[in-house]
Amino acid sequence: MPNRRQFLTISGLFALTGALGGCQSTETNTLQIHTLRGSISPQLLALFRRENSLRLDLKPVEQLQELFEELQDWAAQAQPQGNLFGSSSSVPQLITLGHGWYQQAIASGLIQPLSLTQLKTWEKLGEPWKTFLRRNAQGEMDPTGELWGQPYRWGTTMLVYRKDKLHKLGWTLTDWADLWREELQGKISLLNHSREVLGFVLKKQGKSYNETDPKAIAKVEEVFQALHRNVKFYSSTHYLQPLDMGDTWVAQGWSQDILPLLQRYRNLGAVVPHSGTAIWCDLWVQPQKSTADFATLQPWLEFCWAPEAIQQISRSSYGASPLIYTVPNLDPQITANPLIYLDQKTFQASEIIAALPPEITAQYQQIWQRVRQG
């Protein structure tokens with residue numbers, strides 16, 4: 001989503017880039033990729049190198065916002081002159097796009113369709129991915145639309161908590177409904193994101209994150225008011241330090257922020273709410289000004305959905321592969337982690353937050369502002 005997360009850098013992440021092509025490579029068999037730092041591990045790159053002759057020229061970028069702005073900049077450039085593998089300008093053949101920019105990138109003509117049905121593993125891709133990917137030229141979901149991106153990593157919105165504080169309360173945090181417990185008054189932080197918060201309020205009531213019925217949305221306000229009394233603050237970037245200090249006991253956050261913290265702070269625990277949660281994903285997209293054909297991109301795209309890559313992405317990127325549930329004999333290290341390998345019922349109840357009509361979005365925002373300012 002547009003304000004999703006600041007990434008915690010993995011030390012030495014792109015140490016292998018030079019061995020895989022390097023940013024100075026000028027060979028015509030080099031695939032240029034701009035990607036989010038932390039979403040592709042050195043282990044995955046080494047695995048690709050062992051199995052493919054295609055060289056990778058990888059540029060890590062710190063924020064998803066920066067990557068989207070690069071797409072906008074390239075689209076504004078004059079049409080470049082290039083060869084089969086792309087132009088001689090700065091336009092790469094592939095770039096990471098956060099799912100929150102997917103519709104806008106399509107509608108603004110920043111990216112071009114990808115022939116993903118040519119991939120060997122396309123038929124294994126299930127929901128919610130196929131429905132999310134198919135879009136018309138306005139970027140709207142359309143079952144007959146084209147495919148504009150390949151998801152390679154996904155994660156969730158989850159709850160992180162202080163084990164010591166909740167242990168004293170004598171109950172275990174399992175779902176969104178626990179946030180309304182009076183013992184947590186003034187001890188919770190939530191994301192400063194109306195759709196994330198009102199989405200789980202709707203989920204608690206058996207509705208969808210993407211609810212469009214005005215009457216159902218209106219009923220959220222009273223329930224949200226009760227929750228608001230338990231909230232100490234709202235923040236999408238500074239919710240982990242207060243938790244570590246004990247100022248809050250529970251925080252809503254994104255999995256790629258939280259999972260690295262669990263390895264460093266043994267007093268923190270986390271749970272994916274059992275009734276379902278919001279899903280985010282990162283996609284490979286091809287900039288509109290890239291002149292590479294699909295055959296050029298296919299080795300990398302094919303690899304990202306191959307069984308060995310599925311395993312590695314789910315092990316080393318603080319996320320999961322969209323095909324994680326299709327691999328037989330998955331590494332027990334992965335299947336034993338309920339924060340990566342979600343229970344099937346929880347996964348099926350989870351949703352990608354979608355763009356809604358302006359009038360519905362306005363209704364969400366009005367409720368969000370009234371309760372917080374009241």
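A second, separate core of 35 residues has W176, L179, V197 and V223 among its members.

L116 itself belongs to the largest nonpolar core, which has 82 residues. The residues with the most contacts inside this core are L116, L133, W154, W284, W300 and L301.

A search of the whole structure gives one cavity of 30 Å³ or more. The volume of the largest cavity is about 30 Å³.

Its lining consists of W154, G155, T156, S255, G319, A320, L339 and I340. Strand β9, residues 150-162, gives the most to this lining, with three residues. By class, four lining residues are nonpolar, four are polar and none is charged.

## Confidence

The average pLDDT of the protein is 90, and 89% of the residues score at least 70. Over residues 1-27, however, the pLDDT is below 50, and this stretch has 78 contacts in the model beyond near neighbours in sequence.

Residues 80-88 also stay under 50 in pLDDT; for them the model has 26 contacts beyond four places in sequence. Where pLDDT is low, predicted coordinates should not be read in detail.

Technical notes
Residues are numbered from 1 along each chain as its sequence is written. This is a predicted model: local features need pLDDT of at least 70, side-chain atom pairs count only at pLDDT 80 or more; totals for chains, interfaces and linings use all residues. Side-chain values use heavy atoms; hydrogens and water are left out. On a 1 Å grid over the protein atoms alone, a cavity is a set of points where a 1.4 Å probe fits but cannot get out, and a pocket is an open set with protein on both sides within 12 Å along at least five of seven lines; lining residues have an atom within 4 Å of a point. Grid points are joined across faces, edges and corners, and a volume is the space filled by probe spheres set on the points. Helices (H or I, at least four residues) and strands (E, at least two) are DSSP runs, numbered from the N terminus. Ala, Val, Leu, Ile, Met, Phe, Trp, Tyr, Cys and Pro count as nonpolar, Asp, Glu, Lys and Arg as charged, and the others, Gly among them, as polar. pLDDT is the predictor's confidence in each residue, from 0 to 100. Contact means heavy atoms within 4.5 Å. A nonpolar core is a set of buried Ala, Val, Leu, Ile, Met, Phe, Trp, Tyr and Cys residues joined through side-chain atoms within 4.5 Å. Buried means under 20% relative accessible area, exposed over 50%, partly exposed in between (1.4 Å probe, protein chains only).
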